[in-house]
Amino acid sequence: MEHYNNPFEPINLLVVVRKAPRLVVPALETPNNVLHISTENACMAFGSVLSSHMLLFEASQPIHEQYSKVGHLPTSHGLARSLERVLVAYYPLAGRLRPGPTPTQLQLACNAQGAIYVDAQANISLAELKKLDKVYWSDLQYDFVPHASLEIPPLIVQVYAYFPL
């Protein structure tokens, strides 16, 4: 049986290309400690800690015009540098969430391993994206899969830029 793809389906119109994720570490040395999250807070936090949020902003100048002038994404580079400075004050976000001593507890290891930062580009503008059903928005999000460890970074940032691919 042949699978039929309707070329007019929104899912077929959205193409996302991601660069390899990289770690953004704090710009300065930060405290190295472990924060213990209480059983009550851990139970309440599982829903919000392991959830994702998408914040969309539109650049004042189209990204592809900025790219053509300097040969790289200045907005993305600036955001990564800013994140380095922010992680100094909010250093737990550069750590790792891990299971605590009991199954209902969490620990946040403040170890400056860094937030995950992903550059992505897509062939659809923010105005066009707003017209799509929100079901398709998940295609824009980076899916983090921890390797052999159960440690999860509390912060993953993806900068999405519109490029006519």
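E84 and R81 form a salt bridge, with their closest N and O atoms 3.2 Å apart. The term salt bridge stands for a side-chain nitrogen of Lys or Arg within 4 Å of a carboxyl oxygen of Asp or Glu. Both residues sit in helix α4, three residues apart, about one turn of the helix. Helices (H or I, at least four residues) and strands (E, at least two) are DSSP runs, numbered from the N terminus. E84 is partly exposed, because its relative accessible area is 24%. R81 is partly exposed too, at 41%. Here buried means under 20% relative accessible area, exposed means over 50%, and partly exposed lies in between (1.4 Å probe, protein chains only).

The model is predicted: local features need pLDDT of at least 70, side-chain atom pairs count only at pLDDT 80 or more, and totals for chains, interfaces and linings use all residues. Residues are numbered from 1 along each chain as its sequence is written, and side-chain values use heavy atoms, leaving out hydrogens and water.

How many salt bridges does a search of the whole structure find? The search finds three. One of them joins D119 and R22, whose closest N and O atoms are 4.0 Å apart. This pair links distant parts of the chain. D119 lies in strand β6, R22 lies in strand β2 (residues 22-24), and 97 residues separate them. Is D119 buried or exposed? D119 counts as buried, because its relative accessibility is 11%. R22 is partly exposed, with a relative accessible area of 36%.

D119 has other neighbours. Leaving aside residues up to four places away in sequence, D119 touches V17, R18, K19, R22, S76 and V159. Contact here means heavy atoms within 4.5 Å. Take V17 from that list. V17 and D119 are 102 residues apart along the chain, and 8.6 Å separates their C-alpha atoms.

Another salt bridge brings together the side chains of E151 and R98, at 3.7 Å from N to O. This pair, too, links distant parts of the chain, 53 residues apart. E151 is in the loop between α5 (126-131) and β7 (156-162), while R98 is in strand β4. E151 is partly exposed, with a relative accessible area of 25%. R98 is partly exposed as well, at 24%.

Which residues make a nonpolar surface patch of about 280 Å²? V86, Y90 and L93 make this patch. Patches are made of residues with over 30% relative accessible area and no salt bridge; like charges are joined within 9 Å, and nonpolar side chains (Val, Leu, Ile, Met, Phe, Trp, Tyr) within 5 Å. Accessible areas come from the Shrake-Rupley method with a 1.4 Å probe, and for residues only the protein chains shown count as cover. L93 is placed in the loop between α4 (74-89) and β4 (96-99). L93 is partly exposed, because its relative accessible area is 33%.

One backbone detail remains. A112 is not a glycine, yet its phi is positive, at about 55°. A112 lies in the loop between β5 (106-110) and β6 (115-122). A112 is partly exposed, with a relative accessible area of 29%.
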